[in-house]
Amino acid sequence: MRALTIFFLSLFSLPLVLNAQSVDEMLQKVSAAIESGQHGQAVSYFRQTIGLNIDRTEMFYWTSIDKSSEISSKLAVELASAYRRNRNYDKAYLFYKELLQKTPDNVDYLEACAEMQVCRGHEKEALRMYEKVLQLDTDNLAANIFLGNYYYLMAEKEKKRLDTDFKKLASPTKMQYARYRDGLSKVFSTGYQKARNSLRKVISQFPSTEAQKTLDKILRIEKEVNR
């Protein structure tokens, strides 16, 4: 009976052993391809190894790849993309940030980092990155969508606070009313206006119904503020 149990256990463990061997073999192929200057082949092997065991492949990247080499960026892209597909946004962000350190003005990496920050719940960091994206590419669609919605929602929140505080005043003085109107004007210029600028660029690239609805709301608020 004991022998039979051992036999069955060995059958279940066999795929794991084979998988480990396959990963090691593929990683050896990656190393050999890099040494022979066949970078395209190395990336192909590396991509296959990610599919077998992404953790082992990542460890290989950190311990066996020269980070100053040309191939390191290509391999980092593969890991970043794989973690992104797997919705491991922390790891994906780590690798996009690694890529960004080498090329700080790369719009694709900046945009990817910003997206990962949104997925990780770090909206303020994403805001900073998307703003840098627009400095490099003023028509960037992803950045304008995010900034348009972000500034609009922040402006709505601040306007609601101003309206609530003003309504608490039973008999507001002229000075209090003037402060309220000044507050609305500032909210429009620092929030709604920025949202409008970005959403107009979104509309210019594709007919977004939601973006147009938000622009219509901003127009009504502008009329209210300027009345």
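R47 counts as partly exposed because its relative accessibility is 44% (buried is under 20% relative accessible area, exposed over 50%, partly exposed in between; 1.4 Å probe, protein chains only). This is a predicted model: local features need pLDDT of at least 70, side-chain atom pairs count only at pLDDT 80 or more, and totals for chains, interfaces and linings use all residues. Residues are numbered from 1 along each chain as its sequence is written, and side-chain values use heavy atoms, without hydrogens and water.

**Salt bridges**
- The structure holds 15 salt bridges (a side-chain nitrogen of Lys or Arg within 4 Å of a carboxyl oxygen of Asp or Glu).
- R47 pairs with E78, with the closest N and O atoms 2.9 Å apart.
- E78 lies in helix 4 (residues 70-85) and R47 in helix 2 (residues 39-52), so the bridge ties together parts 31 residues apart in sequence.
- Helices here are DSSP runs of H or I, at least four residues, numbered from the N terminus.
- E78 is buried, at 15% relative accessibility.
- K74 and E70 form a salt bridge at 3.7 Å, N to O.
- Both K74 and E70 lie in helix 4, four residues apart.
- K74 is partly exposed at 36%, and E70 is exposed at 56%.

**Helix 9 and helix 10**
- The axes of helix 9 (residues 174-205) and helix 10 (residues 209-226) come within 10 Å and cross at roughly 155°.
- Axes are lines fitted to C-alpha atoms over the stretch in contact, with angles from 0 to 180 degrees between N-to-C directions.
- The two helices are therefore roughly antiparallel (angles over 145 degrees; under 35 is roughly parallel, 65 to 115 roughly perpendicular, the rest oblique).
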